[in-house]
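Try each task before you read its solution.

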Amino acid sequence: MKKPGLLEKLIVAYAVFVIVLLGLAVFLVYVSSRLGNVTADIYYLDQHKKEVTDNLINDLFSLEETSKQYLLLQKESYKILIGEREEAITRAWEYLCLEGVCVQEGEIRMVKSGMQTWGRYLERFHAQLADPPVDTKSLDQIFKENSKDMDSMVKVAKYVNKSVLENLDEKIVFLKGLGEQIRLFTWWALGIAATIGLIIPLLIYKSITNDLASIRTGIRHIGQGDFSYRIPLYSKDELGMLAESFNLMSLRLKELDNMKSEFISVVSHELKTPLTSMKEAANLLMEGVSGELNDKQKRLITIMQQGIGRLLQMISELLEISKLESGMVDLRLEPHDINDVVSSFISEIHPYAEKKGITIDVDYLPDGYNVFMDRNKILRVLTNLTQNAIKYSNEGSEIDLRLNLEDDHIIVEIEDHGKGISEEDIPLIFEKFYQSKATRGHSGIGLGLAISRSIVDAHGGRIYAKSNVGKGSIFSFTLPIHPHASSGRMHS
């Protein structure tokens, strides 16, 4: 029975590493999904809900004071303030009554009660405004009735506000626990990977040295003239094949006895150098020249983090370009105002540009025009082109984003003042995996511009670039205007 060969051993080692990495990747994807959901709830729901209830409490108190002042002084300015407060409070109650905002049974009951109280209050209060009393006794009675309803509604708002704070505390505790899980799992994965990285190479090394020892023993016997000796090495790797060759050689040595001395000399000379090199390399590893374990762990962590990030990005780009070229991606084409799309994009890219010390100047169209587009895909094109412009621009420089109208197309231009692109590279920069000399060494595998071209082509547009070395580049793409663009214009 043949033993596993060197290739099989290496495959097993790599398979274990891949399993560990895939396990860590799956776990991180799961955890990031959970983190994203909880963070989104905190940001989009809980925080907004807290702001709404805080404002609701303040508006209720303000409305109560303003209504008293109006009933006493009958000034028209107070009536305007009352209308503004009523509108704000009504919006707050309507928001709290939306499906999914309040999910606990107690909250839902309290909010419905508060909404009903608000309705009764408005009905009675508007009647009071229509025919305000003038005697003090009637005013005192009105103030008491209004104050009672106000206290009831403030109580509801405070109850919801308190519930929001409790939810926030629970989610913060959950996020902390999740962070501990990530830390623990990462250390476990690191420990397993480090253990595998140390043990498997040692096992492979031991196996190789044992095989080499068997081969050396066979060579020694052959060298001593014992041609009946067989090297007991039955592995399927290169050393096994080498041993088999020696065994076949020993069968023919009786016929080639006159060539024995020369043959042993050649074989000894050919094997001495690689065997000595392997031995010295093994000694250096055993002496710890490659570094202490803790340092290696730190390097492994850094390599793991950077490697996973680059792989996810490259896989994502490869999948995207593959789907776009094969036509598997269905564009969700809808009319969108190009000014609105660019404005939304600028608000997203601004922090990234600001971090790089770069300003972005935007020249919008004087009128808004509808463009038939997949909004997310066009945002991807804008992101790819603008991030490239930022990446290759000097700190403190400007990037110009211009919108122009030409015939029945919108032209989007993104101009930077960076190093520029050589003339011979311009026709090739939109090809897959192509990187010009100026961009080599930066992150990425040369798919961003190819993806952008595929997206623009799918929209019936065209993408192109102009550049002057040392002065900067202009990347432009066109999009056809929606046939009913006139109905979608926005006049500023």
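Each exercise below is followed by its worked solution.

Before you start, note that this is a predicted model, where local features need pLDDT of at least 70, side-chain atom pairs count only at pLDDT 80 or more, and totals for chains, interfaces and linings use all residues. Residues are numbered from 1 along each chain as its sequence is written, and side-chain values use heavy atoms, with hydrogens and water left out.

**Exercise 1.** Find how many helices and strands the protein has.

Solution. Take helices (H or I, at least four residues) and strands (E, at least two) as DSSP runs, numbered from the N terminus. The protein then has 10 helices and seven strands.

**Exercise 2.** Work out which strands pair with β7, and in what sense.

Solution. Count two strands as paired if DSSP finds at least two bridges between them.
- Step 1: look at the link. Three residues separate β6 and β7 in a hairpin, and G470 in the turn has a positive phi of about 90 degrees.

**Exercise 3.** Explain why strand β7 is described as largely enclosed.

Solution. Call a residue buried under 20% relative accessible area, exposed over 50%, and partly exposed in between (1.4 Å probe, protein chains only). In β7 (residues 472–480), eight of the nine residues are buried, so the rest of the structure largely encloses this strand. For the protein, buried residues make up 37% of the 492 residues.
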